[in-house]
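Please read the points below with the structure open beside you, and follow each one on the model as you go.

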Amino acid sequence: MVERIFIPGEDDAGVLALRERVWGKHHPHNSAAYYEWLFRKSPAGVGSGIVAEHDGAIVGFAGICNRTVSMGNQDIRLCHGLDFMVDPNV
């Protein structure tokens with residue numbers, strides 16, 4: 001098993017396949033459009049995270065999405081951790 005930095009775009013197919021194995025084929029968050037919005041086209045910026053690979057397949061993922069929140073008159077950029085997943089067959 002190897003852990004490495006998630007690469008948006010390059011790792012999309014592997015993470016989407018992992019989502020399907022973890023959450024089931026028909027879960028609404030398995031949509032490629034939803035995933036792309038979370039990690040590549042969010043108004044707050046491109047996401048990040050860590051993937052775990054075994055035999056060339058992504059078997060784990062911990063994602064980080066950028067978000068912007070407002071406190072008073074100030075906008076603050078923060079990270080939102082999500083998609084903590086491990087393949088059920090691992």
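1. The four strands form an open sheet in the order β1-β2-β3-β4, and their pairing is antiparallel. Strands here are DSSP runs of E with at least two residues, helices are runs of H or I with at least four residues, and both are numbered from the N terminus; two strands pair if DSSP finds at least two bridges between them. Because β1 (2-5) and β4 stand at the edges with a single partner strand each, one side of each has no neighbour in the sheet. From one strand to the next, the twist averages 20 degrees.

2. A word on the basis of this note: the model is predicted, so that local features need pLDDT of at least 70 and side-chain atom pairs count only at pLDDT 80 or more, while totals for chains, interfaces and linings use all residues. Residues are numbered from 1 along each chain as its sequence is written, and side-chain values use heavy atoms, with hydrogens and water left out.

3. Strand β3 (residues 57-71) and strand β4 run antiparallel and are joined by eleven bridges. Within this pair, I64 stands opposite G81 in β4. Helix α2 (residues 32-39) packs on the sheet, where it touches β2 (48-54), β3 and β4, and its direction makes about 60 degrees with that of β3. Such angles run from 0 to 180 degrees between N-to-C directions, with axes fitted as lines to C-alpha atoms, for helices over the stretch in contact; contact means heavy atoms within 4.5 Å.

4. Leaving aside neighbours within four places in sequence, F61 is in contact with F6, V15, L18, F39, I50, V51, D83, F84 and M85.

5. S42 lies in the loop between α2 and β2, and at 9% relative accessibility S42 also counts as buried. Not counting residues up to four places away in sequence, S42 touches W37, N66 and R67.

6. V86, by contrast, belongs to strand β4 (residues 74-86) and counts as exposed, because its relative accessibility is 56%.

How values were computed. Buried means under 20% relative accessible area, exposed over 50%, partly exposed in between (1.4 Å probe, protein chains only).
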